[in-house]
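Reader: I am new to this structure and would like to know what stands behind the words used for it. Please take me through them.

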Amino acid sequence: MPAHQSRSRTRDRNNVLNRPEFISLNQPLARSNAELRSSSRRKSGQASQLKQPQSQQEPQQQLPQQPNGNTRDRKESAQQPEEDCMQLNPSFKGIAYNSLLAIDICMSKRMGVCAYKTSSWGSVRSMVTLLAMTGHGVVWIVGTLICLTRSSTLAGQEVLMNLLLALILDIMTVAGVQKLMKRKGPLEVNPGFLDYISMDMYAFPAAHASRATMVSKFLLTHLVLAVPLRILLVLWAFLTGISRILQGRHHITDVMCGFALGFLHYKLVEMVWLSSNACQTLISIWTFSWTPFFN
């Protein structure tokens, strides 16, 4: 074969490889060579970093990393108390209890129209306070003791002595439950001087409502009264409990529980009723211990 023909064939082949159809076949080789060069450069850089002393590497490691916004939100949500978190699946009892509690607080605050002098019913605040005073424990204990010293019949002394024990039982029981529950009133009105004496400093249960219910039921059972007086006695017990709501001292549920507790106190006193002989023994002990002071 002549030499000029072989040279022309090699030229044609080179021209074919330089066509655009075959250019893509040569690019992976170039890329692979570039990747090999970059990897060799990285390895040489890591080797140079290892040769550096640790004193020069520590400042780079101690550089603070700025947290992202998502990490901050996660930390804040994790630090929030459980009370602020929403319960996704609350129970039916929890929903009903919270709903009734919210209704009770809202209605009790609206009914506290005589809590302050500047309230909507502030003009009748003195009358409501006087009505609430009639159900106070100190007033009833002092009145019962005066009647007991003035009574001359055995039947009267028996009734009054049991009433005195019922009043003491009511005060001690209500004070213990209030101390245990420690529920504050809807408007957080400060208790008065007589309230501190009778240990009536919290809202649940309502001591005045309990005492008024117990006294009215006791008097209706052991005294002979006309029908108008019996109606007035029941109305007095109901209004005494309502007056404490108007003053902002108790919730509606506190007064309702006070009514129920007063009825239970009456039932308990009737079950452990002291006889006339036991009452005379207690009266003799009391008069013997207090006679020298009167003389």
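Author: Contact, as the word is used here, means heavy atoms within 4.5 Å. The model is predicted.

Reader: Which residues does histidine 251 touch, not counting residues up to four places away in sequence?

Author: By that cut-off of 4.5 Å, histidine 251 touches Asp104, Ile105, Ser108, Arg183, Lys184, Gly185, Pro186, Ala203 and Ile245. Histidine 251 itself lies in the loop between helix 11 (227–246) and helix 12 (252–271).

Reader: Why is histidine 251 called buried?

Author: Buried means under 20% relative accessible area. Histidine 251 has a relative accessible area of 4%, so it is buried.

Reader: What makes a set of residues a nonpolar core, and which residues have the most contacts inside the largest one?

Author: The residues must be buried, be of the kinds Ala, Val, Leu, Ile, Met, Phe, Trp, Tyr or Cys, and be joined through side-chain atoms within 4.5 Å. The largest nonpolar core has 15 residues, and those with the most contacts inside it are Leu167, Met214, Val215, Phe218, Leu219, Leu233 and Trp236. At least two residues of this core come from each of helix 8 (154–181), helix 10 (207–222), helix 11 and helix 12. Helix 10 gives the most, with 6 residues. In soluble globular proteins, nonpolar side chains tend to be buried together.

Reader: What is tryptophan 236 in contact with, leaving aside its neighbours within four places in sequence?

Author: Tryptophan 236 is in contact with Leu131, Thr134, Gly135, Trp140, Ala212 and Ser216. There is also a second, separate core of 6 residues, which includes Leu160, Met161, Leu164 and Ile283.

Reader: How much space lies in the largest pocket, and which residues are closest to its centre?

Author: About 270 Å³ of space lies in the largest pocket. It is lined by 18 residues, of which Thr129, Asp195, Arg244, Gln247 and Arg249 are the closest to its centre. Helix 6 (125–133) and helix 9 (193–197) each supply at least two residues of the lining, and helix 6 has the largest share, 4 residues.

Reader: How do the residues of that lining divide into nonpolar, polar and charged?

Author: The lining of the largest pocket has 8 nonpolar, 6 polar and 4 charged residues.

Reader: What is known of the second largest pocket?

Author: The second largest pocket holds about 220 Å³ of space. Among its 13 lining residues, the closest to its centre are Lys184, Gly185, Val189, Pro191 and Met201. This lining divides into 6 nonpolar, 3 polar and 4 charged residues.

Technical notes. Residues are numbered from 1 along each chain as its sequence is written. This is a predicted model: local features need pLDDT of at least 70, side-chain atom pairs count only at pLDDT 80 or more; totals for chains, interfaces and linings use all residues. Side-chain values use heavy atoms; hydrogens and water are left out. Buried means under 20% relative accessible area, exposed over 50%, partly exposed in between (1.4 Å probe, protein chains only). On a 1 Å grid over the protein atoms alone, a cavity is a set of points where a 1.4 Å probe fits but cannot get out, and a pocket is an open set with protein on both sides within 12 Å along at least five of seven lines; lining residues have an atom within 4 Å of a point. Grid points are joined across faces, edges and corners, and a volume is the space filled by probe spheres set on the points. Ala, Val, Leu, Ile, Met, Phe, Trp, Tyr, Cys and Pro count as nonpolar, Asp, Glu, Lys and Arg as charged, and the others, Gly among them, as polar.
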